[in-house]
Amino acid sequence: ISEKEPGSLYALDGNPTSDACADIIAQLEGAEGGTLLTSSGMAAVSLVLLTFLKSGDHLVCQFPIYSRAIKFIEDILLANNVEVSWVDSNEPVETFEKAIKSNTKMVYVESPCNPKMSVQDFSLFGELTRRHPKLLVVVDGTFASAYLQQPLKYGLHISIHSCSKYMGGHSDIIAGCVSFANEELMRKARWHLTLLGSALSASDASLLHRSLKTLPVRMEKHSINAMHVAKFLAQHSKVVLALFLYIVYVTGSAKTSLVCLLLATPLHWQRGCSVVWRPNDQATCKISKLCARPYTYINS
């Protein structure tokens, strides 16, 4: 009761099962502040936005993001006098920085992006946090899972996942998680999680814990299967454009370099983002000359 000893007084505040599961995700994320489990992905998103934004604050937010997150911002944050500036997901980090104002408290991005599959360069956003030390940078990485990318390792502050997707992987739970770069952020969000009543149940935490044991195997296989589907679609006469996140390494060079087969725009070419295959394009043929692997976030 005095909080002088570890443990939980009330299940809503935490329990051993949830704590064990959260510790695994925190290790995957490299989250020095720890991880909180929530009752859904939207519970994770709303927890972060309601905890760290208040009336009069300004949010710089990527567009698009998950549709219900957009509606939450429009219907709840705007109604409570939080300003929002939207930045297209294909824009470079400099555009996000130009949108920052004196009352900006948070930059929110989703990478890979739903539904455009754009990806952000976390190292550049890490540099942004160093130039603006009072700014929080939040990443929703649901489409990659904590196995394929760890944005906190680049100096970002908060990582969100809907664990109903890849992290859960078995279509038998609805869950979310929020991981923090430091304990101060964690403590503030933990209290708000209790007040909002959106903590994950011990039963669902046990299922998520089970799922994490197979996450590496599943994500590798997901990536390989998706690559086969993308290649099939790219070569189909009725498909105009196939978008797929893909990393290709040139072999035989002194330093392995990151390249892409064909990118959507010159901007993508500069940033190493979404790979695009176009049917009958010569770039498609070059795959036989390259050492390729499924998507994983690497900044080199």
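This is a predicted model: local features need pLDDT of at least 70, side-chain atom pairs count only at pLDDT 80 or more; totals for chains, interfaces and linings use all residues.
Colleague: How many helices and strands does the protein have?

Modeller: The protein has 11 helices and 12 strands. Both are DSSP runs numbered from the N terminus: helices are H or I with at least four residues, strands are E with at least two.

Colleague: At what angle do H2 and H7 pack, and how far apart are their axes?

Modeller: Two packed helices are described by the angle between their axes and the distance between the axes. Here, H2 (residues 41-52) and H7 (residues 183-196) pack at about 110°, with axes 10 Å apart. The axes are lines fitted to C-alpha atoms, for helices over the stretch in contact, and angles run from 0 to 180 degrees between N-to-C directions. H2 and H7 are therefore roughly perpendicular; that label covers 65 to 115 degrees, while under 35 is roughly parallel, over 145 roughly antiparallel and the rest oblique.

Colleague: Which residues make the contact between H2 and H7?

Modeller: From H2 come Leu 47, Leu 50, Thr 51 and Phe 52, and from H7 come Leu 185, Lys 188, Ala 189, His 192, Leu 193 and Leu 196. By class, the H2 and H7 contact has 7 nonpolar, 2 polar and 1 charged residues. Contact means heavy atoms within 4.5 Å. Ala, Val, Leu, Ile, Met, Phe, Trp, Tyr, Cys and Pro count as nonpolar, Asp, Glu, Lys and Arg as charged, and the others, Gly among them, as polar.

Colleague: At what angle do H2 and H3 cross?

Modeller: The axes of H2 and H3 cross at roughly 40° and come within 10 Å. H2 passes H3 in a right-handed crossing. On the H2 side you will find Met 42, Val 45, Ser 46, Leu 49 and Leu 50, which meet Arg 68, Ala 69, Phe 72, Ile 73, Ile 76 and Leu 77 of H3. This contact of H2 with H3 has 9 nonpolar, 1 polar and 1 charged residues.

Colleague: How many salt bridges does a search of the whole structure find?

Modeller: Side chains of opposite charge can pair when their charged atoms come close. The search finds 9 salt bridges, each being a side-chain nitrogen of Lys or Arg within 4 Å of a carboxyl oxygen of Asp or Glu. One of them joins Lys 71 and Glu 74, at 3.7 Å from N to O. Both residues lie in helix H3 (residues 67-77), 3 residues apart, about one turn of the helix.

Colleague: What does the bridge between Glu 83 and Lys 101 tie together?

Modeller: The side chains of Glu 83 and Lys 101 meet at 2.6 Å, N to O. Glu 83 lies in strand E3 (residues 83-88) and Lys 101 in the loop between helix H4 (93-98) and strand E4 (104-110), so the pair ties together parts that are 18 residues apart in sequence.

Colleague: Are Lys 54 and Asp 57 buried or exposed?

Modeller: Lys 54 counts as exposed at 52% relative accessibility, whereas Asp 57 is buried at 4%. Buried means under 20% relative accessible area, exposed over 50%, and partly exposed in between (1.4 Å probe, protein chains only). Lys 54 and Asp 57 form a salt bridge, with their closest N and O atoms 3.4 Å apart. Lys 54, Asp 57 and Lys 105 are linked in a network of salt bridges.

Colleague: Where are the cis peptide bonds?

Modeller: Most residues other than glycine have a negative phi, and most peptide bonds are trans. Here, a cis bond joins Ser 111 and Pro 112, with omega about -5°, and another cis bond joins Asn 114 and Pro 115, with omega about 10°. Pro 112 is in the loop between E4 and helix H5 (122-131), and Pro 115 lies in the loop between E4 and H5 as well.

Colleague: What phi does Ser 145 have?

Modeller: Ser 145 has a positive phi of about 75°, although it is not a glycine. Ser 145 lies in helix H6 (residues 145-148) and is buried, at 0% relative accessibility.

Definitions and conventions: Residues are numbered from 1 along each chain as its sequence is written. Side-chain values use heavy atoms; hydrogens and water are left out. A crossing is left-handed if the near helix is turned anticlockwise from the far one by less than a right angle, and right-handed if clockwise.
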